[in-house]
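Subject: Structure handover

Hello,

Here is the structure for your files. My notes on what was found in it follow below.

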Number of protein chains: 2
Amino acid sequence: MEKKLQELKTRLLEIDDLNKANAMLIWDQSTYMPEGGAQARGRHSATLARLAQEKFVDPAIGRLLDELQPYAESLPYDSDDASLIRVTRREYERATRIPPKFIGELYEHQAKAYQVWTEARPANDFSRIQPLLEKTLDYSRQMADYFPGYDHIIDPLIDFADYGMKASSISALFAELRRELMPLVQVITSQPPADDSCLRKHYPEAEQMAISKKIAAILGYDFKRGRLDLTHHPFEINFSVGDVRITTRVKENLLGECLYSVIHEAGHAMYEQGVDPKLEGTPMCGGTSAGVHESQSRLWENIVGRSLEFTEFFYPRLQKAFPSQLGDTPLETFYRAINKVERSLIRTDADEVTYNLHVMLRFEFEMALLEGQLSVRDLPEAWRERYRQDIGILPPDDKDGVLQDVHWYAGVIGGSFQGYTLGNILSALFYQAALRAHPEIPSEIRRGKFDKLHNWLIENIYRHGSKFTADELVQRVDGGKIRVGPYIQYLKTKYGQLYTL
Amino acid sequence: MEKKLQELKTRLLEIDDLNKANAMLIWDQSTYMPEGGAQARGRHSATLARLAQEKFVDPAIGRLLDELQPYAESLPYDSDDASLIRVTRREYERATRIPPKFIGELYEHQAKAYQVWTEARPANDFSRIQPLLEKTLDYSRQMADYFPGYDHIIDPLIDFADYGMKASSISALFAELRRELMPLVQVITSQPPADDSCLRKHYPEAEQMAISKKIAAILGYDFKRGRLDLTHHPFEINFSVGDVRITTRVKENLLGECLYSVIHEAGHAMYEQGVDPKLEGTPMCGGTSAGVHESQSRLWENIVGRSLEFTEFFYPRLQKAFPSQLGDTPLETFYRAINKVERSLIRTDADEVTYNLHVMLRFEFEMALLEGQLSVRDLPEAWRERYRQDIGILPPDDKDGVLQDVHWYAGVIGGSFQGYTLGNILSALFYQAALRAHPEIPSEIRRGKFDKLHNWLIENIYRHGSKFTADELVQRVDGGKIRVGPYIQYLKTKYGQLYTL
């Protein structure tokens with residue numbers, strides 16, 4: 001049995017090596033690769049992905065998992081070995097259900113669709129991408145149909161990102177959240193908008209990067225096991241527990257873009273840096289779901305980073321870094337500026353309160369498209385109407401409407417958005433659990449101390465990697481189920497102090 | 001036949017993808033990887049190397065080569081397909097002769113020896129590395145013995161780097177060169193040394209990098225297909241014809257270190273950028289031998305970069321970049337400074353004239369060690385004695401003596417040094433051939449025009465990749481054999497103008 005387990009681990013390690021080498025190629029492609037490198041890089045990356053996939057769907061892995069099943073069942077559920085076999089089996093079954101030929105075709109289609117989207121968006125021309133998006137919808141349905149027995153056709157697609165969640169459970173959470181958010185947005189936006197002119201001055205790139213780096217390190221992101229670079233879109237990527245990198249972008253006329261992106265990505269990265277090194281080289285080494293991953297980026301970015309306590313610690317340092325820009329701006333003004341709530345067009349620029357409305361309407365469009373209740377042709381119009389209703393703003397064009405997010409144009413339709421809002425919901429739930437264990441956390445944050453929170457997160461979430469599902473993690477730290485309450489309470493408390501609710 | 005050829009190409013392309021992905025990991029390791037990434041990176045890199053090796057020694061490749069042999073023989077020798085089959089067969093036979101088990105053991109030993117060397121060198125303690133170096137010598141002999149039928153035991157090891165060269169042919173070239181160099185060094189160093197104080201001022205890193213980058217681009221290094229970064233030791237590395245990167249280091253108290261390293265590495269890189277893209281993904285895509293590769297770095301660094309013509313073009317620009325440091329230094333002084341000849345301890349810091357003496361004594365030590373004429377134990381003393389004799393300087397310690405170069409401590413003994421001097425010999429031979437075709441090249445260099453030389457090199461050397469051996473390339477461009485004459489003539493002409501010979 002020991003020998004079989006060793007063989008499984010050896011095979012998984014080789015696959016992980018290929019995947020992590022591929023991640024390196026992707027990091028370089030986004031950071032330092034000269035333009036001439038693109039063509040061959042695509043080929044190198046595709047080869048590594050194909051080899052890793054071939055090695056993972058090898059029937060020998062299925063046999064090993066079958067042979068090891070009795071051993072797994074003899075061990076405690078949360079032991080490393082039982083979890084390895086359980087998590088690997090889940091991934092193996094998922095990977096072997098989809099025919100390699102289908103994956104090849106889908107990848108080729110996605111590459112083409114992405115290419116056309118990069119042209120259609122600036123041209124504000126949905127019709128150019130429409131036939132490809134229709135094909136993407138077909139592929140998405142076909143993908144789901146490789147996993148028969150679902151309650152809703154989107155469920156298998158959700159499973160890829162947020163294992164165990166379903167259309168029904170997510171819809172219930174989202175409906176409750178929406179009921180609370182709609183009047184909240186209404187009452188906030190009927191009041192005078194916060195003055196954020198203090199953020200809209202000239203902030204040189206080098207200084208923004210320097211202070212962002214310093215803050216990420218203070219929060220707990222370990223630069224000996226990571227680094228920060230500039231890219232077009234911020235992201236986190238990892239090659240091992242010892243090498244978890246983040247990127248950001250800088251707008252010199254908007255303070256905050258860089259800083260809060262860095263805190264956001266550092267949140268993702270602290271999760272990955274905090275995984276137990278014993279899990280390295282296995283499918284368990286990494287965040288457990290899109291929602292839980294996003295809960296960590298949002299916890300650090302919003303619940304910590306945009307809190308009054310953190311601002312009290314951090315703002316005097318920021319003023320020192322930018323004396324001419326912020327010297328005369330009181331903390332209160334800055335705090336209101338970084339928490340300004342407004343009806344806006346673009347999801348990624350949206351504030352904490354309205355953000356989830358952007359996400360939830362996308363999730364509902366995904367369901368409607370997959371169900372056949374909405375056609376791709378009618379999507380742009382439906383998008384505009386829904387923005388008018390939910391966000392209270394009518395998109396002037398498709399460029400900043402239905403074409404704004406890359407997800408559907410480079411992936412499948414279904415499963416790619418719910419994690420953002422699940423992340424917000426979970427961030428408050430986890431933070432509340434941390435506060436129950438350590439009520440002194442807010443006052444420590446005010447003093448620039450983040451160890452207690454960070455260590456609680458490592459102990460209760462990070463070190464487990466994907467040993468536990470999101471549901472299991474919530475059960476362990478909270479005793480209950482995923483629920484919206486803590487997040488609503490967090491928003492109402494915070495924005496109740498900022499506005500008259 | 002077409003199908004078999006296609007299958008061979010597909011297999012070779014996959015192997016190349018793995019090797020180029022691995023090169024990316026190595027580049028990152030030397031440039032931007034945080035220290036925490038080292039452990040996993042070593043594993044990722046070893047896995048890619050092992051997979052590439054396993055795929056290359058697959059008997060299926062041997063069978064394809066056998067089946068394609070009649071087809072290759074029906075084609076012109078220099079056709080792409082005939083060359084692909086010929087070059088792949090050479091590499092395949094070499095790769096399949098060495099048992100994988102031996103390679104595994106050797107790599108492990110080398111990693112250990114390298115680690116110990118990094119400690120033994122600063123501690124000036126040869127005894128610490130001696131037993132490991134003795135083992136390296138055993139491995140080196142064993143490696144050679146996988147290729148029986150050699151004239152000299154070093155010949156198979158030379159073949160890895162400089163295919164087709166032998167102990168006998170190299171010894172004959174080196175003996176002739178040594179006969180000419182010894183009196184040349186003698187007469188030059190008996191004259192007052194050049195004043196190089198103009199190079200030993202404060203030159204800020206950013207400015208050194210900026211002008212080095214500009215010069216590399218002017219010479220013909222294409223930054224759209226490459227980039228320049230800082231590393232501990234300068235190197236060139238490539239991932240495709242479209243992505244050929246170089247690195248350098250900067251000493252702020254020594255102008256030249258950065259600049260001429262950049263030109264040197266840009267020379268290597270222009271060779272790789274100039275390979276016909278049709279050869280990409282095959283074993284032919286890349287410089288043909290260590291000697292020919294080094295001929296291009298040295299041609300651009302020394303024959304062009306340290307020439308009077310180039311200095312006349314470049315020095316006024318350099319003065320403009322560093323007005324306070326160089327404003328009062330006449331061109332003549334600068335030109336003499338960058339060509340200062342002196343007896344010195346360290347190979348990599350040596351000037352153009354004495355450099356080859358450093359290389360040749362290493363080559364002779366390799367032969368003596370492999371023959372058993374010299375024991376590892378006696379090497380440090382032999383080193384000191386030979387430096388006294390050849391270079392005219394007695395190394396004060398082993399740190400800057402026998403421990404100075406990494407090659408023997410991270411590789412095998414044999415085959416790693418001859419390429420440096422072959423490169424110098426070939427650089428002059430190729431440049432002479434280029435001048436025969438375009439006598440106006442020197443006057444163009446004086447005007448900052450490098451296309452004619454660059455294009456001649458692309459046409460006659462670069463585009464062929466490793467389709468032709470070094471001997472074949474020389475035969476094609478010169479009509480004769482590798483010989484020392486042009487290099488001696490180049491040195492005597494250049495240094496005859498600088499010193500009284």
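Helix α2(A) packs against α1(B) at an angle of about 100 degrees, and their axes are 9 Å apart. This angle makes α2(A) roughly perpendicular to α1(B). On the α2(A) side the contact is formed by Ala40(A), Arg43(A), His44(A), Thr47(A) and Leu48(A), and on the α1(B) side by Glu14(B), Asp17(B), Lys20(B) and Ala21(B). Sorted by class, this contact of α2(A) with α1(B) has three nonpolar, two polar and four charged residues.

Please keep in mind that the model is predicted. Its scores are ipTM 0.94 and pTM 0.95. The average pLDDT of chain A is 97, and 100% of its residues score at least 70.

The interface as a whole

Helix pairs within chain A

Two packed helices are described by the angle between their axes and the distance between the axes. Two pairs in chain A are given here in that form.

Helix α5 (residues 100–120) of chain A packs with helix α6 (residues 126–145) of chain A at an angle of about 155 degrees, with the axes 10 Å apart. Angles over 145 degrees count as roughly antiparallel, and α5(A) is therefore roughly antiparallel to α6(A). Their crossing is left-handed. From α5(A), the residues that make the contact are Phe102(A), Leu106(A), His109(A), Lys112(A), Ala113(A), Val116(A), Trp117(A) and Ala120(A). From α6(A), they are Phe126(A), Arg128(A), Ile129(A), Leu132(A), Lys135(A), Thr136(A), Tyr139(A) and Gln142(A). The contact of α5(A) with α6(A) has 10 nonpolar, three polar and three charged residues.

The second pair is helix α15 (residues 355–371) of chain A and helix α18 (residues 418–437) of chain A, which pack at an angle of about 140 degrees with their axes 8 Å apart. At that angle α15(A) and α18(A) are oblique to each other. The crossing of α15(A) and α18(A) is left-handed. Here Asn356(A), Val359(A), Met360(A) and Phe363(A) of α15(A) meet Gln418(A), Tyr420(A), Thr421(A) and Asn424(A) of α18(A). What does the contact of α15(A) with α18(A) consist of by class? Four of its residues are nonpolar, four are polar and none is charged.

The sheet in chain A

Chain A has an open sheet of three strands in the order β1-β3-β2, with mixed pairing. Strands β1 (228–230) and β2 of chain A stand at the edges with a single partner strand each, so one side of each has no neighbour in the sheet. From one strand to the next the twist averages 25 degrees. Strand β2(A) is joined to strand β3 (residues 243–248) of chain A by four bridges, and the two run antiparallel. In this pair Ile237(A) stands opposite Arg245(A), the latter in β3(A). Helix α10 (residues 257–273) of chain A lies across β1, β2 and β3 of chain A and runs at about 165 degrees to β3(A).

The sheet in chain B

In chain B, three strands form an open sheet in the order β1-β3-β2, and the pairing is mixed. Its edge strands are β1 (228–230) and β2 (236–240) of chain B, each of which pairs on one side only. Neighbouring strands of this sheet are turned by 25 degrees against each other on average, direction ignored. Three bridges link β1(B) with strand β3 (residues 243–248) of chain B, and these two strands run parallel. Leu228(B) stands opposite Ile246(B) in β3(B). Helix α1 (residues 2–31) of chain B packs on the sheet and touches β1, β2 and β3 of chain B. The direction of α1(B) makes about 140 degrees with that of β2(B).

Regards

Terms used:
Residues numbered from 1 in each chain as written. Chains lettered and ligands numbered in written order. Predicted model: local features only at pLDDT ≥ 70, side-chain atom pairs only at ≥ 80, totals over all residues. Axes fitted to C-alpha atoms, helices over the stretch in contact; angles between N-to-C directions. Parallel < 35°, antiparallel > 145°, perpendicular 65-115°, else oblique. Left-handed = near helix turned anticlockwise from the far one by under 90°. Contact = placed C-beta atoms within 7 Å. Nonpolar A, V, L, I, M, F, W, Y, C, P; charged D, E, K, R; others polar. pLDDT = per-residue confidence, 0-100. Pairing = 2+ DSSP bridges.
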